[in-house]
Amino acid sequence: MSKRRPYVRPMDGWWRKNPYFVEYMIHEGTAFFVAAYAAVLLVGLVRLSQGEAAWNGWLHSLTSPWYVLFHLAALLAITYHTYTWFKIMPRTMPPVVVGGERLPAWAITGTGLAVAAAAGIGLLAFVWGMAR
Amino acid sequence: MKPTLKRSNAPIFWALFGAGGMLSALFGPMLVFITGLAIPLGLLLPADALSYPKMLAFTQNFIGKGFVFAVIALFLWHAAHRIFHSLHDIGIHAGTGAKLACYGSAMVGTVIAAYALLSIGF
């Protein structure tokens, strides 16, 4: 190591200086909610494998206000993830050419959001049907 | 002697990230609403929608098992990849340790999910 200490520009909080990067950090941050929700489901799955009493205990634990608050926050975060996922999609997928014209970004985003809405409603309908 | 060209493992992690991102974008919000809000608060859905016999039957079904496994495992791999690559942005110069912590926890979660689903049986 050299005895000289060259100046290194501090980068702390770089993303707070530009709204574009704030948005970037928020949409990357949705990953924490995706991970936490997967962990909640994983615990539920393990409880399910342990029998009826364990499963009912898990279901009951979800009624605690802390869990409800967490799920409200997770719903917001993961819905935002859905929005940004399809907003970025025109730039993350190869160009789609339809009739010699490149498919515009809004069409890709719009289709993605429409499919997501349909998937969500389909899932709700499935659980509804399973419950009856 | 070290081979000069080594196959990168990045596409595997990237594919898992993409698959998990797509699955969570499609089903994530409604799943959170159903398991985290509708059932605990008694909104909209019948109270016994996720009762033990129903969920047992669902996870014993081949397709149901696959869906539960895909949701848990791919959500974890998606989040692990995204968090791992964001470490750099907040000034943590991620090395092998961070990679092991991120992908390792996704791997552990995947194994636990697979074990639980297998022990539930068919």
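## Helix crossing within chain A

A crossing of two helices is called left-handed if the near helix is turned anticlockwise from the far one by less than a right angle, and right-handed if it is turned clockwise. In this predicted model, α3(A) passes α4(A) in a right-handed crossing. The two elements are helix α3, residues 65–92 of chain A, and helix α4, residues 105–131 of chain A; their axes come within 7 Å and cross at roughly 150°.

On the α3(A) side, the contact is made by A:Thr82, A:Tyr83, A:Phe86, A:Lys87, A:Met89 and A:Pro90. These residues meet A:Ala105, A:Ile108, A:Thr109, A:Gly112, A:Leu113 and A:Ala116 of α4(A). By class, the contact of α3(A) with α4(A) comprises eight nonpolar residues, three polar residues and one charged residue.

## Extent of the interface between the chains

The size of an interface is often expressed as the accessible area that is lost when the parts come together. Between chain B and chain A, about 4600 Å² is buried, and carbon and sulfur atoms give 80% of this area. The interface brings 54 residues of chain B into contact with 49 residues of chain A.

Twelve residue pairs are found in polar contact across the interface of chain B and chain A, with both residues of each pair at pLDDT 80 or more. On the side of chain B that touches chain A, the elements giving two or more residues are α1 (10–41), α2 (52–60), α3 (62–86) and α4 (96–120) of chain B. The largest share, 21 residues, comes from α1(B). In terms of residue class, this side of chain B has 38 nonpolar, twelve polar and four charged residues.

## Packing of α1(A) against α3(B)

Helix α1 of chain A, residues 19–49, packs with α3(B) at an angle of about 145°, the axes lying 8 Å apart. The crossing of α1(A) past α3(B) is left-handed. Residues of α1(A) in the contact include A:His27, A:Glu28, A:Phe32, A:Tyr37 and A:Leu45. Among those that α3(B) contributes are B:Val68, B:Phe75, B:His78, B:Arg82 and B:Ser86. The residues of this contact divide into 16 nonpolar, four polar and two charged.

## Salt bridges

Over all chains, the count comes to two salt bridges, and between chain B and chain A the count is one. The bridge between the chains is formed by A:Glu28 and B:Arg82, whose closest N and O atoms are 3.4 Å apart. Why does the pair of B:Arg82 and A:Glu28 join two chains? B:Arg82 lies in helix α3 of chain B, whereas A:Glu28 lies in helix α1 of chain A, so the pair joins the two chains.

Methods: Residues are numbered from 1 along each chain as its sequence is written. Chains are lettered from A and ligands numbered from 1 in the order in which they are written. This is a predicted model: local features need pLDDT of at least 70, side-chain atom pairs count only at pLDDT 80 or more; totals for chains, interfaces and linings use all residues. Side-chain values use heavy atoms; hydrogens and water are left out. Contact means heavy atoms within 4.5 Å. Buried area is the accessible area (1.4 Å probe) that two parts lose on being put together, summed over both. A salt bridge is a side-chain nitrogen of Lys or Arg within 4 Å of a carboxyl oxygen of Asp or Glu. A polar contact is a pair of N or O atoms within 3.5 Å; within protein, one must be able to donate a hydrogen and the other to accept it, and residues adjacent in sequence count only if both atoms are side-chain atoms. Helices (H or I, at least four residues) and strands (E, at least two) are DSSP runs, numbered from the N terminus. Ala, Val, Leu, Ile, Met, Phe, Trp, Tyr, Cys and Pro count as nonpolar, Asp, Glu, Lys and Arg as charged, and the others, Gly among them, as polar. Axes are lines fitted to C-alpha atoms, for helices over the stretch in contact, and angles run from 0 to 180 degrees between N-to-C directions.
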